[in-house]
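Subject: Structure handover

Hello,

I am passing on the structure we spoke about. Please look it over first; my notes on what was found follow below.

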Amino acid sequence: MPKKRIEKIIEQAESRLEILKELGIDEIPRESIDPVFRRKQDALEKLRKEVRGCNKCELAKTRTCVVFGEGDLNAEVMFVGEAPGAEEDLSGRPFVGAAGKLLTDIIERGMKIPRKKVFIGNVVKCRPPMNRDPSPEEVKECKGFVERQIKIIQPRVLIALGKFAAQLLTGSEEPISRIRGKWWEYNGIPVMPTYHPAYLLYNNAGKREVWSDIKQVLNYLAKEKTG
Ligand code: SF4
């Protein structure tokens, strides 16, 4: 680019910054200047609208809210759970009940990451009545949404919580006890399957195994950072 053109761009940027300062705006929101972030935001918003209006399976008839998922669009770590429970169905947010509190503890106290810096979603976006397991048909109809979320967010690591997420992201049909604790790959993204936090509410012994799986994720992220 010619030098004169660069000088002109800098001049225009400086004058815009001056105007913003006069308006009392000291900080420019990241999404207004980062085109990759904006693309992700647009794609996720489009997907959110689609999921909110979805009636592809029977769960649409009994849900209160669709639970799309939430978190940082640039998350390094993305958690994928099974399906919303009663509190999630009422609030429209993932992992807000007792199991959610445990997951928040794992993220914030264990991993030392603020919950809002990860992304959390489920394989199935509407609550199965009476907290039953989602049926194979429901998983088949819904799984495309979480697959698209992963494609948009492109996390560095996926953590699959429980059987349904683990089987989807590893392609294995083995029980979670056999799949967990080992590295798998989903479209080039490393996957660590572990137990669902709801399981830990009744199985204290599983906490040690979950922590060992989480430590593998932390070691992987630390190694990646140091090269
Ligand atoms: S569970 Fe998924 S596929 Fe079924 S209605 Fe809800 S969003 Fe649609």
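**What was found**

In the protein chain, 32% of the 227 residues count as buried. Please keep in mind that this is a predicted model.

Overall fold: the secondary structure of the protein chain amounts to ten helices and six strands. Taken along the principal axes, a box of roughly 65 × 45 × 30 Å is filled by the C-alpha atoms of the chain. Among contacts in the protein chain with a separation of 6 or more, 68% are between residues 24 or more positions apart.

Helix α2: this helix covers residues 35-52. How far apart should its ends be? With 18 residues at 1.5 Å a residue, helix α2 should span 26 Å, and because its end C-alpha atoms are 26 Å apart, the two figures agree. Helix α2 is also hardly covered, with a count of one buried residue among its 18.

The ligand: there are 14 residues around the ligand, and those that come nearest are Cys54, Cys57, Ala60, Cys126 and Cys142. By class, this shell holds nine nonpolar, four charged and one polar residue. Which helices supply at least two residues each of the shell around the ligand? They are α3 (59-62) and α6 (136-153). Of these, α6 gives the most to the shell, with three residues.

Regards

Technical notes. Residues are numbered from 1 along each chain as its sequence is written. This is a predicted model: local features need pLDDT of at least 70, side-chain atom pairs count only at pLDDT 80 or more; totals for chains, interfaces and linings use all residues. Helices (H or I, at least four residues) and strands (E, at least two) are DSSP runs, numbered from the N terminus. The expected span of a helix is 1.5 Å times one less than its number of residues. A residue is buried if 20 or more other C-beta atoms lie within 10 Å of its own, exposed if 12 or fewer, and partly exposed in between; C-beta atoms are placed from the backbone. A residue is near a molecule or strand if its C-beta atom, placed from the backbone, lies within 6 Å of it. Ala, Val, Leu, Ile, Met, Phe, Trp, Tyr, Cys and Pro count as nonpolar, Asp, Glu, Lys and Arg as charged, and the others, Gly among them, as polar. Two residues are in contact if their C-beta atoms, placed from the backbone, lie within 7 Å.
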